[in-house]
Amino acid sequence: MASRSIIITGGAGFIGSHVVRLFVKKYPEYRIINLDKLTYAGNLDNLKDIQDCPNYRFVKGDICDYEMVRALMAEEHVDGIIHLAAETHVDRSIVDPFEFARTNVMGTLALLQAARQYWESLPERYEGKLFYHISTDEVYGALELDCPDGRDCGFSAHKVYGTEFFREENKYNPHSPYSAAKASSDHFVRAFHDTYGMPVVVTNCSNNYGPYQFPEKLIPLFIINIRHRKPLPVYGKGQNVRDWLYVEDHARAIDLIFHEGKVAETYNIGGFNEWKNIDLIKVLVSTVDRLLGRAEGEDMGLITYVTDRAGHDLRYAIDSRKLRDELGWHPSLQFEEGIEKTVRWYLDHQDWLDNVTSGEYQKYYDKMYNNR
Ligand code: NAD
Ligand code: DAU
């Protein structure tokens, strides 16, 4: 296997830490450089088990710092970038859209320009190089929930709640400042391919869940709140639908696409696993109760309907058949198994939770919740 030198941005975050771990362990002949600013969402505790591996290096830095990125690429002879660093929480983007434009748009542009300058300075230019941009299904906008009771569908193991799906050729139609910034970054990545010939690939994934997710996102937040018998703030009527994928399955897809994906292609990644928020929340309550030895469902009373998220997208549902049919990827875990593993992980890692939720985050959360 040829050696590679790869920068993974945002490797101290939720998905990034799973990608870094997978690459460091699976490819000892590769050099993996984790470039992360360590914002509130980045945490080196997520990578304790691999931090001393000889093929791993952590660099604390901001992707917006073009000069630093350019120098790092030359120093490490980088031939691949897997770009995950971003501001990622929709609610925060509604409060502070500037930070989302800065990191997600300008940061991606700085990385692209640094990669272009460095790779174009080499005799072989773009040969053997790849800029892999990790994006989201939210760029496609929102789908109708035109089958509210759910229906069977030929390609999904779980029932689906509508007739339309996000496909690779769909037009972009982002609604939140977060998704608008991600959409803009996707356009820049494709523009660098079309204008300069940079080898790029873009993937758009659905909602991830699993260990090490910052507990402002639905699943970890609600697991903690159920444990501590705090209210569960359900936005609107809880009818919004999301398509959930276990994070390690996303990391496996990234590995496969990095090595076997076609340059300039887009691949949608999804779990074939749609859930209405309220149904998912009830599964969480039952699972936490059972694993804590409480009567199953005794904490349903914590469910509290609160003011809806502004511009709340109704339904996301990915059609990831292109990835399945062309590269043979499919999710490895049934949702029930993934949720059980996830709930157990958060219940067993109170120290990790205490660490990431102390101080500033708690103040932010109290303010967000009290404003609803
Ligand atoms: P996260 O919020 O958990 O982690 C983001 C990481 O990026 C953190 O480690 C943070 O420190 C780092 N970061 C932020 N700004 C930075 C900067 N300016 N320079 C360097 N590092 C910086 O994010 P996540 O949920 O793991 O998402 C990772 C990527 O996957 C994002 O691009 C996101 O849009 C995309 N995505 C996420 C999901 C999901 O469900 N979480 C689904 C689809 C796509
Ligand atoms: O679809 C992919 C996206 O999934 C990623 O690009 C984003 O980075 C990631 O944050 C996620 O976005 P969502 O907005 O879907 O995730 P979140 O966990 O914030 O919310 C999931 C659903 O639950 C959504 O419909 C809003 C709702 N919700 C969320 C929170 C935090 C609540 O009802 N109450 C809550 O307190």
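1. A polar contact here is a pair of N or O atoms within 3.5 Å; within protein, one must be able to donate a hydrogen and the other to accept it, and residues adjacent in sequence count only if both atoms are side-chain atoms. On that basis, Asp62 puts a polar side-chain atom 2.9 Å from a nitrogen atom of ligand 1. Backbone N or O atoms also take part: one of Gly13 sits 3.0 Å from an oxygen atom of the ligand, and one of Ile15 lies 2.8 Å from an oxygen atom of ligand 1.

2. A word on the basis: this is a predicted model, where local features need pLDDT of at least 70, side-chain atom pairs count only at pLDDT 80 or more, and totals for chains, interfaces and linings use all residues. Residues are numbered from 1 along each chain as its sequence is written, ligands are numbered from 1 in the order in which they are written, and side-chain values use heavy atoms, leaving out hydrogens and water.

3. Now the shell. Ligand 1 is surrounded by 28 residues (a heavy atom within 4 Å), and the closest are Ile15, Asp36, Thr88, Tyr178 and Lys182. They divide into 12 nonpolar, 12 polar and four charged, with Ala, Val, Leu, Ile, Met, Phe, Trp, Tyr, Cys and Pro counted as nonpolar, Asp, Glu, Lys and Arg as charged, and the others, Gly among them, as polar.

4. Which element gives the most to the shell around ligand 1? That is β5, with three residues (strands are DSSP E runs of at least two residues, helices H or I runs of at least four, numbered from the N terminus).
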